[in-house]
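Reader: Hello! Could you walk me through this model, one question at a time?

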Amino acid sequence: MDLLIQDKVHDESRQGEALILEPVVKSNGRKLYIESYGCAMNFSDSEIVASILAEQGFETTSDFNNADVVFINTCSIRENAEVRVRNRLKEFAGAKFKNPGMVVGVLGCMAERLKAKFLEEEKLVDVVVGPDAYRDLPNLIEQVDGGQRAVNVLLSREETYADISPVRLNSNGINAFVSIMRGCDNMCSFCVVPFTRGRERSRDAQSIVAECTDLFNKGYREVTLLGQNVDSYKWSGPSLSPNPSPVERGLVEVLPTGENLGGVTEITTVNFANLLEMVALISPDLRVRFSTSHPKDITDEVLYTIAQYDNICNYIHLPVQSGNTRVLDIMNRTYTREWYINRIDAIRRIIPECAISTDVITGFCTETDEEHKDTVSMMDYVKYDFAYMFKYSERPGTLAAKRYADDIPEAVKQSRLQEIVAKQQQYSLYRMQARIGRVEKVLIEGFSKKSNNDYCGRSDQNAMVIFPVNEKYKPGEYVNVVVERTTSATLIGRIV
Ligand code: SAM
Ligand code: SF4
């Protein structure tokens, strides 16, 4: 059992969701069905894929039985994520039997991990495409139309799809994910991501600011900047504008004279704190969130930037994985328990109101009961607002799979997981109860799932808030809500 406590970056309720777009201007008469699994980065990638194929005239459909092209954007992070995809492919087999011309494609991390082997293992699959090869999709579909099966799993050191503006029509028009980097260079020993998504690269800062500005102008009021390790974001390029703003000027490094960069005499280096500030300056009405921060890289500069701008949300997802230094060492996380505690203390000092969430893995190779207790005591120390908690799942090809035996019995992994899940429920409730009587600034996202008499939205700290509809206010607007009651996942109150 993987337990999910509410968060938007890996939203369990969206797993397998199909992407639907408005009709394209010049239809080619063919219909695309695309569904996505895994983290927000995959959902964001599906929007890029849909954008590339919309250019070719593909319309989207929500029913794979009517589709000419069926894509499944996959996740490999744990074995059960892959099992889910295999089962889903079985459901596509019937539709393909009825319509043999249907193109079935596997995209994303599982495609990258298994490459051409996928074509041998799953006979109904025609095309296998890794996360850096989406621009090649029109050619690959053409190859399949010509009677071949097609694979492109080349990883790139440059591709960031910076110039492709993703289509976002499944969204509520209020929150959007914006990828700021791709890949990961960290090589945590349990993790398949560096193999499936390639080397880390940062996207051009100007294109990020332009995309967020465009979203704001279209009515969006919250952007979540996405990367596997946002704190290592770094981009250098020509100075941002002829008349740089104070923020831009602060970022400019003057090149030594005599260097020839095609007439460019100044380059700008943008780190994550600078990027946060640039996005926050688009408008005080645009909320800025981000995920994921890495404990080894999160800097005080980032924390001070969050503290300085009201519209950068007071919420940090800081995955701990384990509370024990020996286990962290064999996980190759490159920080110790003490280092992690130091970062938590810095957050509490610089942003006292900050909510903190985490990821935890139980039953990693050789983890003893005593070492597990260090994870529990870390939870007692931090009292996280939310947590994603997982049993260790060995992934082929990772450093841990090569070096260490997956030697913790399933029942032990499970009982450790249950213990931390119970602990987290206690702390989620504790954090929520601390908000009772307080006034939260909430961005209205829409009606609550249960009733059209209630609105729902999130607080600055990312807690879901439910309150009676007041017709003076619409989704996309901010309201102040006094919290009257709470569950471990939701604050309940009324507009004041
Ligand atoms: N880049 C982020 C980071 O460093 O925390 C998260 C990436 S990963 C998509 C999300 C979470 O999945 C990880 O933080 C970890 O807790 C979990 N995870 C990754 N590999 C796993 C494995 N082999 N077994 C169980 N959980 C795993
Ligand atoms: Fe995986 Fe570690 Fe990279 Fe996160 S930082 S994606 S856990 S290798």
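**The chain as a whole**

Author: Gladly. Of the 496 residues of the protein chain, 58% count as buried, where buried means under 20% relative accessible area, exposed over 50% and partly exposed in between, with a 1.4 Å probe and protein chains only. This is a predicted model, in which local features need pLDDT of at least 70 and side-chain atom pairs count only at pLDDT 80 or more, while totals for chains, interfaces and linings use all residues. Residues are numbered from 1 along each chain as its sequence is written, chains are lettered from A and ligands numbered from 1 in the order in which they are written, and side-chain values use heavy atoms, with hydrogens and water left out.

Reader: How many helices and strands does the protein chain have?

Author: Helices (H or I, at least four residues) and strands (E, at least two) are taken as DSSP runs, numbered from the N terminus. Counted in that way, the secondary structure of the protein chain comes to 15 helices and 24 strands.

Reader: Among contacts in the protein chain with a separation of 6 or more, what percentage joins residues 24 or more positions apart?

Author: Contact here means heavy atoms within 4.5 Å. For the protein chain, the percentage is 73%.

**Two packed helices**

Reader: Are α13 and α15 roughly parallel or roughly antiparallel?

Author: Two packed helices are described by the angle between their axes and the distance between the axes. Axes are lines fitted to C-alpha atoms, for helices over the stretch in contact, and angles run from 0 to 180 degrees between N-to-C directions. Helix α13 (residues 369-382) and helix α15 (residues 410-433) pack with their axes 10 Å apart, at an angle of about 5°. Angles under 35 degrees count as roughly parallel, over 145 as roughly antiparallel, 65 to 115 as roughly perpendicular and the rest as oblique, so α13 and α15 are roughly parallel.

Reader: Which residues make the contact, and how do they divide into nonpolar, polar and charged?

Author: From α13 come Asp369, His372, Val376, Met379, Asp380 and Val382, and from α15 come Arg416, Glu419, Ile420, Lys423, Gln424, Tyr427 and Arg431. Ala, Val, Leu, Ile, Met, Phe, Trp, Tyr, Cys and Pro count as nonpolar, Asp, Glu, Lys and Arg as charged, and the others, Gly among them, as polar.

Reader: Is Thr375 buried or exposed?

Author: Thr375 has its place in helix α13. Not counting residues up to four places away in sequence, Thr375 touches Ser322, Gly323, Val360 and Glu367. Its relative accessibility is 2%, so Thr375 counts as buried.

**Around ligand 2**

Reader: How do the residues of the shell around ligand 2 divide?

Author: A residue is taken as near a molecule if one of its heavy atoms lies within 4 Å of it. The residues around ligand 2 are Cys184, Asn186, Met187, Cys188, Phe190, Cys191, Val193, Pro194, Gln228, His294 and Arg333. The shell around ligand 2 divides into 7 nonpolar, 3 polar and 1 charged.

Reader: Which residues does Pro194 touch, leaving out those up to four places away in sequence?

Author: Pro194 is found in helix α6 (residues 193-197) and, at 11% relative accessibility, counts as buried. Beyond residues up to four places away in sequence, Pro194 touches Cys184 and Met187.

**Backbone details**

Reader: Which residues does a cis peptide bond join?

Author: Most residues other than glycine have a negative phi, and most peptide bonds are trans. Here omega is about 10° for the cis peptide bond, which joins Ser291 and Thr292.

Reader: What is phi of Thr334 near?

Author: Thr334 is found in the loop between α11 (325-330) and α12 (337-350), and at 53% relative accessibility Thr334 counts as exposed. Its phi is positive in a residue other than glycine, near 60°.
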